[in-house]
Amino acid sequence: MSGSVLVAVAAAVGNLLQGWDNATIAGAVLYIKKEFNLESSPTVEGLIVATSLIGATVITTCSGAISDWLGRRLLLILSSVLYFISGIVMLWSPNVYILLLGRLLDGFGIGLAVTLVPVYISETAPPEIRGSLNTLPQFTGSAGMFFSYCMVFGMSLMETPSWRLMLGVLFIPSLIYLVLTIFFLPESPRWLVSKGRMLEAKRVLQRLRGREDVSGELALLVEGLGVGGETSFEEYIIGPADDLADQDLSIDKDEIKLYGPEQGLSWVARPVTGQSSIGLVSRNGSIINQSGLVDPLVTLFGSVHEKLPDTGSMRSTLFPHFGSMFSVGGNQPRNEEWDEESLAREGEDYQSDAGGGDSDDNLRSPLMSRQTTSMEKDMIAPAHGSLSSMRQGSLAGDPVGSMGIGGGWQLAWKWSEKEGPDGKKKEGFKRVYLHQEGVSEPQRGSIVSIPGGYAPTDGGYVQAAALVSQPALYSKELMHQHPVGPAMVHPTETATKGPVWHDLFEPGVKHALLVGVGIQILQQFSGINGVLYYTPQILEKAGVGVLLSNLGIGSSSASLLISALTTLLMLPSIAVAMRLMDISGRRTLLLFTIPALISSLIILVIGSLVHMGSVANASISTISVVVYFCFFVMGFGPIPNILCAEIFPTRVRGLCIAICALTFWIGDIIVTYTLPVLLNSIGLAGVFGMYAVVCSISWVFVFLKVPETKGMPLEVITEFFSVGAKQVIAAKNS
């Protein structure tokens, strides 16, 4: 996974530049006022600081749709170019107007980076470490602030500090970021798949994952192109084909054959009549919570994590990675050669927007990779059949490929043949997401560990919950023309539609937008801006300013050093959050850190109202501020952006993330410009009391509405939102 980690670190440099800019303007504005005589023009002074905020808000309104059109990488390159140009302009700026232009360009770069870096990291990171990697932007942003404060503090000690140099030095790190985005960052594989550029997506995934066989994940990305769709919960029993037949189970003709890389091992998954335990939890939750308490979707996600075995999430816990094995049984036409060379000859009718050089970008390629033929050679006399006999349809049931997609999930397809009400046989493909539910104690001893996961032997079996739905690119019209796999339509045909606005009204997307927009609003009104604004005053009362003045450090330099020390305190806490993000989870971190924010704010209110002596008040306030900062950057700081980058379908992810980011910037503007007014009207105690109330509301919102997404593939998360939202609607209607 080192490839994914390095790419995430490189992308997070964009947030380092944002933090760098936030800190430099805070120091530089002290000297800008003197040169341009702005002491009597607070409006112009405020505009210099706020122009980048305005630029970020403006660019965010269109960044999502453009990133869905042109790609994530291109806009990250544009962000680095804007950072670089703004640094040069601010270094030159002979007057206020040129300075404002530089600040506006800087805001454009900030808006693109803040909006797209979390999306890019989410789309390139493996599910098992996605949360940790998406905490990197918070870490690099705080690190950028610390380094910038140190630089500005050093410059402030000079006889004639230069604000142009403070602001203009931004072009140096932005040049490094430009080089990284052009020569090191690949395009998002999910975006490439959405445009039908399958071979490029495959190469990027191979680089990111450090392995040749990425067919399972590539097939998953294809399935992620759908929005909504009919999905049902089922329960499967997975075990050896012969032994499973002896179980007293009610089965039907739909079954999934699983072949392992070990000699003599093959398994079959058969649906159990009735509702899966996950489905039951969701259905019961919908009934119980009709009063509007805990969202059934939260219960649904929680049931998955409760069922996950404690054997680590870095490898599959259901069954090994079986490779890309798919064929259609019975008398259906079959394609026996699945290597890319044959696909180059067969797929000429499929044209992708990658150009003529990728004319073999047939969607069948990732699903029917070379591994099929190589695995057939490696498998020696399997106990329950062979791949060749499977192709001849001699085994009971219909075979299907099954692939590990991370986080204990497996992706499979099955060929479904059922009789309709009119007596006619209906045929079609079904996509299946499988997840281990657990094993009853008597059978637990028969599950033995093999490389890659757990496999049932000696009569043991594994229960698996299944999300079953139509494949994203399934087409009835092409059913009899190209019956070669579940992906019947090339993704370019889906991509030509673009991000349509009516997809935003699909129940799952609407539900996800409620969560994303809600948590962004609550984060902005939770008090971080107010505490940052008041921190220098608190530390000044604590005697830090007096101590620094005794060392010969002026008031301006002292405030910068205090801010640098405050920022430094955040870094260890963010490092802890990176460690816990994929272990404890996003929801758990929020539920445990928000009470610490509430307590800190309440203590700040008490410290403002009750006089216990200057030293005691200053000490209590200082401790409260430090605790607030540390717990904020562990939870409410990074998690809203992480969640927003995870919960939307690929097809509308850019559009939805832009809506959430726009909410973030508008909230930032409102809080920043209402803070002085609120301080004058209700005082410091009233402001902190209001923030404490908002944090309390935030905890309730997280508890009731925010699901746990750790370790789950993005496509499975969006599928759960779709299913859960529709079950909520059905429960309300009933």
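Tyrosine 628 is buried, and phenylalanine 632 is buried too (that is, under 20% relative accessible area with a 1.4 Å probe, protein chains only). This is a predicted model, in which local features need pLDDT of at least 70, side-chain atom pairs count only at pLDDT 80 or more, and totals for chains, interfaces and linings use all residues. Residues are numbered from 1 along each chain as its sequence is written, and side-chain values use heavy atoms, with hydrogens and water left out.

An α-helix has 3.6 residues a turn, so residues three or four places apart point the same way.

The structure holds twelve aromatic pairs, meaning Phe, Tyr or Trp rings (six-membered ring for Trp) with centres within 6.5 Å; planes under 30 degrees apart are stacked, over 60 edge-to-face, and the rest tilted. Tyrosine 628 and phenylalanine 632 are stacked, at 6.0 Å centre to centre and 15 degrees between the planes. For phenylalanine 688 and tyrosine 691, the centres are 6.4 Å apart and the planes at 50 degrees, so that pair is tilted. Phenylalanine 688 and tyrosine 691 are both buried. Elsewhere, Phe301, Trp409, Phe720 and Phe721 make up one aromatic cluster.

Now look at helix α5. Of its 29 residues, 24 are buried, leaving the helix mostly covered.

Conventions. Buried < 20%, exposed > 50% of the residue type's maximum accessible area, 1.4 Å probe, protein only. Helix = DSSP H or I, 4+ residues; strand = E, 2+ residues; numbered from the N terminus.
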